[in-house]
Amino acid sequence: MSRVWNFSAGPAALPESVLRRAAEEMLDWQGKGLSVMEMSHRSPEYTDIFEKTRSDFRKLLNVPETHDVLFMQGGAVGMNAIVPMNLMNGFEQAAFVNTGAWSKKTAKEFSKYGLSRVVLDNANSVADSAVSCYVPECAPLLDRVNGQQMAYLHYCDNETISGVEFNGQVEAIASQLDCPVVADMSSNILSKTLEVSKYGVIYGGAQKNVGPAGVTIVIVDKALLNRALPICPSAFTFGTVAENGSMYNTPPTYSIYIAGLVFEWLIEQGGVQWAQSQAQEKASLLYGTIDSSTLYNCPVRTEDRSRMNVPFTLADESLNARFLSRAAEQGLVQLKGHKSVGGMRASIYNAMPLEGVKALVEFMCEFEKSET
Ligand code: PMP
């Protein structure tokens, strides 16, 4: 069997040891004679799996007692509706930072529930790849948000499509804002340390750094559990889900089990600190190769480049198809950029080893030499 280096943006590569363990345990979980998929979510076996998964996640991100961790469904796009339904009671508007495709989608969906106020906007730079993509200056948020009775301020910490990542700018001003911060961390959760207490809600679909698709992780400040609109479905009401330990209805049991194996693996590697330094090393290697080449170019401003999703273009676009097919021949797959941006994108989440990135840069250098 030979496995490829999978640079998919999501669902993305999982640690090989996790997949091997899941395979070993598929038919008979720890001598119980059944698969985790077949367990009742209320059985003692599954309760142990679930509790350990939740407590390992809390440990990894150092989640304080003031915040609940919920395992929900609907993905991050579902959260574009679930968050407003949970936080808008008593409010008419919320504030949005628009840095690209995902944050824009969030602000658009919100207009079904209230008045969407885009308080910072650099998305045009994202649409036009000739212009540098960047994280906007966040200090003006204080003037634009405070005193406006905003239910919350939403931003996307890592724009998966354009490869633009915040580096603590919103966290740094969070305690001066007069509303809670809601962060979409779908594509960079567990890749850096966070001060969770600064956030009202952090959420993410699992299928990048957490596990398989199907579970959405939500970290929510307990102080926000009583702000749901009456129309909010019970299965999606944070307070109800929290009170029932994420078992108000059947949770995506198997996805949670795999997430638990990923958390155990991450703790063994050295936790989020390890992930952070590894991400830095992998990203530096790849951006370094791009910057020192005449063929490859990354449009994102240097200090705002994502450590998870690395977009790059080829100076001669007619080489794109050959680049992708020759990469695939070497077992380097899923490198095609998102259709709205074009070019290439290499997603290098926690489970992508340094070795995989080394294989990619080696190929890129060879390709440049042979084609230019
Ligand atoms: N936000 C971000 C930052 C994402 O990367 C994605 C998925 N690529 C989404 C939201 C949407 O997630 P889902 O498909 O799980 O709803």
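L153 touches A95, L141, V145, L177, C179, V181 and V182, leaving out residues up to four places away in sequence. Contact here requires C-beta atoms, placed from the backbone, within 7 Å. The model is predicted: local features need pLDDT of at least 70, side-chain atom pairs count only at pLDDT 80 or more, and totals for chains, interfaces and linings use all residues. Residues are numbered from 1 along each chain as its sequence is written.

L153 also belongs to the largest nonpolar core, which has 110 residues. Such a core is a set of buried Ala, Val, Leu, Ile, Met, Phe, Trp, Tyr and Cys residues joined through C-beta atoms within 7 Å. A residue is buried if 20 or more other C-beta atoms lie within 10 Å of its own, exposed if 12 or fewer, and partly exposed in between. L153, V201, V262, L286 and I348 have the most contacts inside the core. Helix α9 (residues 253-269) supplies the largest share, eight residues. Helices (H or I, at least four residues) and strands (E, at least two) are DSSP runs, numbered from the N terminus. At least three core residues come from each of domain 1 (21-267) and domain 2 (270-371).

These domain bounds come from an automatic or database domain assignment. The centres of domain 1 and domain 2, taken over C-alpha atoms, are separated by 27 Å. Across the boundary, 25 residues of domain 1 are in contact with 24 residues of domain 2. On the domain 1 side, α2 (44-61), β7 (164-165) and α9 each give two or more residues.

Helix α12 (residues 354-371) has 18 residues. From first C-alpha to last it reaches 26 Å, close to the expected 26 Å. The expected span is 1.5 Å times one less than the number of residues. V357, L360, M364 and F367 of α12 are buried. Seen down the axis, the buried residues fall within an arc of 85°, so they line one face of α12. The arc is that of the directions from the helix axis to the C-beta atoms. The buried residues pack against elements including β1 (5-6), α10 (271-291) and β14 (344-347). The face turned away from them carries the exposed residues L354, E355, E366, K369 and S370.

K208 lies in the loop between β9 (201-205) and β10 (216-221). An unreviewed UniProt entry lists K208 under "modified residue: N6-(pyridoxal phosphate)lysine". UniProt positions follow the numbering used here, and annotations may be inferred rather than shown by experiment. K208 counts as buried because it has 30 C-beta neighbours inside 10 Å. Beyond four places in sequence, K208 is in contact with G10, A12, S186, S187 and Y349.

Definitions and conventions: Contact = placed C-beta atoms within 7 Å.
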